[in-house]
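Thanks for coming. I have one model to go through today, and I will keep it short.

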2 protein chains.
Amino acid sequence: MAATTSRTLELLSLLQSHRHWAARELVDRLGVSERTLRRDVERLRELGYGIESMRGSAGGYRLEAGTGLPPLLLTDDEGVAIAVGLRSQATAGLRGAEHTTLSALAKIEQVLPAPLRRRIDALASHATPGPGGGGGGSASGRPTPEIDTELLGALALACRDSERLRFSYTDASGQASARVVEPYRLVPVARRWYLLAWDRQRDDWRTFRLDRMADLFPTRVRFEPKPLSDDDARRRVEQALRHRDRSVTARVIVELPRDELVEHLGWYGRDVVADGPSRSVWPLEADYPENLAMALMWVPRGIRYRVEGPAEVLEFLAEQAERFAAAAAGSKNDSRRRS
Amino acid sequence: MAATTSRTLELLSLLQSHRHWAARELVDRLGVSERTLRRDVERLRELGYGIESMRGSAGGYRLEAGTGLPPLLLTDDEGVAIAVGLRSQATAGLRGAEHTTLSALAKIEQVLPAPLRRRIDALASHATPGPGGGGGGSASGRPTPEIDTELLGALALACRDSERLRFSYTDASGQASARVVEPYRLVPVARRWYLLAWDRQRDDWRTFRLDRMADLFPTRVRFEPKPLSDDDARRRVEQALRHRDRSVTARVIVELPRDELVEHLGWYGRDVVADGPSRSVWPLEADYPENLAMALMWVPRGIRYRVEGPAEVLEFLAEQAERFAAAAAGSKNDSRRRS
DNA sequence: AGGCATCCGGTCACTTTCTGTCCTGATACC
DNA sequence: GGTATCAGGACAGAAAGTGACCGGATGCCT
């Protein structure tokens, strides 16, 4: 057996766990002579990992940024933290980076020992839910869509590896059916995830909403993927969704110059457009009126605004207004309203 | 030079990038004989990584969950995705797992080539901000605290490696000063991060709020850390904060049995307690009234509630109520303004 | 059932690398 | 200058890695 490969990995692991190491310490841990250690360091350097060394009485080795990313040697805990992070990131969405996030997630999911996986599933459901998105809880009445990150991980793997899947699906009309598909792409649209796949039974592309899938069974049968560009995929999904799963949209007209509003809102205000010199229009889109109303709260205090949108939204606002007013008045005996 | 170690890593990398590999393909890529490949696989198995093999015409190798987490061999993109994920996770907070997340973050930050780091910094500021937490935007008037994830990463490294730091700090009273400290722990409290460190000039423990630090300079001088338990650290920080940075709290009395409310709220409702058979109390805490009010929106529609809390909160609610009402009424029947 | 493609692992001879020891140098800090 | 640290050449013996060859096992397909 090759002591040397595993030792090299261990060295890398040590160097990653603390920044600074004296040769002496490393020698003790690895159980080799000092000369061999130097040779190991040399080897790692040849592989492109930046190991800096310092002489003198506080000398030692230090793993720095090199030309490439070295293999990450993680403890179990760290692996869990990373997996949880990736799952929630996939959920929260980082526009344009979904694909990469999923591929990183797939890499970890693939090698995750079972006990760790259980810890992740547990943790992920305790994680702070995103801004009106994702995360845990098992509330049924709660309007925030929940994303089953476990499912997401499994699907990411299957897409990457072109592995045929079996699952049951409940479509928009409540009809359940068993499906056998060849999965291609996961596409996030408006806080929900969709799977684009080739349906073997219908011999055509189909789009599946993740929260309507159940009983996923990876068949371990590989298929030959047809060519499909990212653009194609997105287009197909968007087309499939054109007439369903519409989200709630509204326009908020704020009595504030565009720049001022944008500065106040930061990231949320990226779509704000000016409507004259002292007024802005803030287009909002959300999956539920609740989330839409939450955004309104960030309009600077004391500033007036007006909302244009479907009756559903306006009714919701009126209802919330009433409840807020009642709550505020009810507790304060001196019925405080500002006039 | 050792072709074998690097080849082993490359094999691992291949196995991680796709699930399934035929021996033939691997042999072609690695440029060795089939026998040697088998030996390499054997070596990896001995190291505890689960490589499954299948015979027959669709045979091949497959990296599965093993006993331990294998070294992760990431592409640049994946590394970036992971780093971004970890930064935002540290920000969003996962109670109890902060430490692990930071240690994983430190590991990656340490070895991140400069160009990748730049991409991360750019991306992180575009990421979706959490629920009233973290994330990007540079708004000054926005009440959500912003967290400089770059700073967080650098501090995590310095804590781990016991590296003395220099920075300038602006305290609560607006007084700026230059500090030299020995950093020990990063502690998140109520959506903000604090650094617990030993102040070399004052010869005592000090707590620094991250968003008040600037011009961080890692001295690369190591220090001998004094013993300090996690509990100790947390206690010190909490004590230091006792009289500043208070957050907003309130109690919401909801006319709904506890279980029903909890089921509806999911994660958010973890602190709900019963108040009689048909009423519940939902304690809320947030850094700003905005965030507190957002939670109220999740009380099931049609259910009445009452809020007990500081005047600040009630006033805020009253104001929002008025704005909502105005927005709802204003657009509906086309009378532009309220009253 | 038979054929074929695939993985399995033993043996052998040969080559390459790895390792520890010994040594001389370079560099940094005190 | 003294000391602690890393650097790296030389050498010889031990250890490993490697390819070629083989008969065997297993699973899929016809």
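This is a predicted model: local features need pLDDT of at least 70, side-chain atom pairs count only at pLDDT 80 or more; totals for chains, interfaces and linings use all residues.

Residues are numbered from 1 along each chain as its sequence is written, and chains are lettered from A and ligands numbered from 1 in the order in which they are written.

Chain A, then. Chain A has 11 helices and 12 strands; helices (H or I, at least four residues) and strands (E, at least two) are DSSP runs, numbered from the N terminus. Of its 339 residues, 41% are buried, meaning that 20 or more other C-beta atoms, placed from the backbone, lie within 10 Å of the residue's own. Take the contacts in chain A with a separation of 6 or more: residues 24 or more positions apart account for 60% of them. A contact here is two C-beta atoms, placed from the backbone, within 7 Å.

Chain A has an open sheet of five strands in the order 7-6-5-4-8, with antiparallel pairing. Strands pair if DSSP finds at least two bridges between them. At the edges are strand 7 (204–209) and strand 8 (213–222) of chain A, each pairing on one side only. On average, neighbouring strands are turned by 45 degrees against each other, direction ignored. Inside this sheet, strand 4 (residues 163–170) and strand 5 (residues 176–189) of chain A run antiparallel and are joined by six bridges; R166(A) has V180(A) in strand 5 of chain A as its bridge partner.

Two helices go with these strands. Helix 7 (residues 149–161) of chain A packs on the sheet and touches strands 4, 5, 6 and 8 of chain A, with its direction about 85 degrees from that of strand 5 of chain A. Helix 8 (residues 230–241) of chain A lies across strands 5, 6 and 7 of chain A, at about 120 degrees to strand 5 of chain A. Axes are lines fitted to C-alpha atoms, for helices over the stretch in contact, and angles run from 0 to 180 degrees between N-to-C directions.

Now the DNA. Which residues come nearest to DNA strand C? Of the 28 around it, they are T36(A), G56(A), A2(B), A23(B) and S53(B). Around DNA strand D there are 29 residues, and A2(A), A23(A), S53(A), T36(B) and G56(B) come nearest. Near means that the C-beta atom, placed from the backbone, lies within 6 Å.

In chain B, the axes of helix 1 and helix 3 come within 10 Å and cross at roughly 80 degrees. That makes helix 1 of chain B roughly perpendicular to helix 3 of chain B, a label for angles of 65 to 115 degrees. R7(B), T8(B), L11(B) and L12(B) of helix 1 meet D40(B), R43(B) and L44(B) of helix 3.

Last, the strands of chain B. Strand 5 (residues 176–189) and strand 6 (residues 192–199) of chain B pair antiparallel over eight bridges, and V189(B) has R192(B) as its bridge partner. Strand 6 of chain B also runs antiparallel to strand 7 (residues 204–209) of chain B, joined by six bridges, with L196(B) opposite T207(B). Four residues lie between the strands of that hairpin, where D203(B) takes a positive phi near 55 degrees.

How values were computed. Angles under 35 degrees count as roughly parallel, over 145 as roughly antiparallel, 65 to 115 as roughly perpendicular and the rest as oblique. A residue is buried if 20 or more other C-beta atoms lie within 10 Å of its own, exposed if 12 or fewer, and partly exposed in between; C-beta atoms are placed from the backbone.
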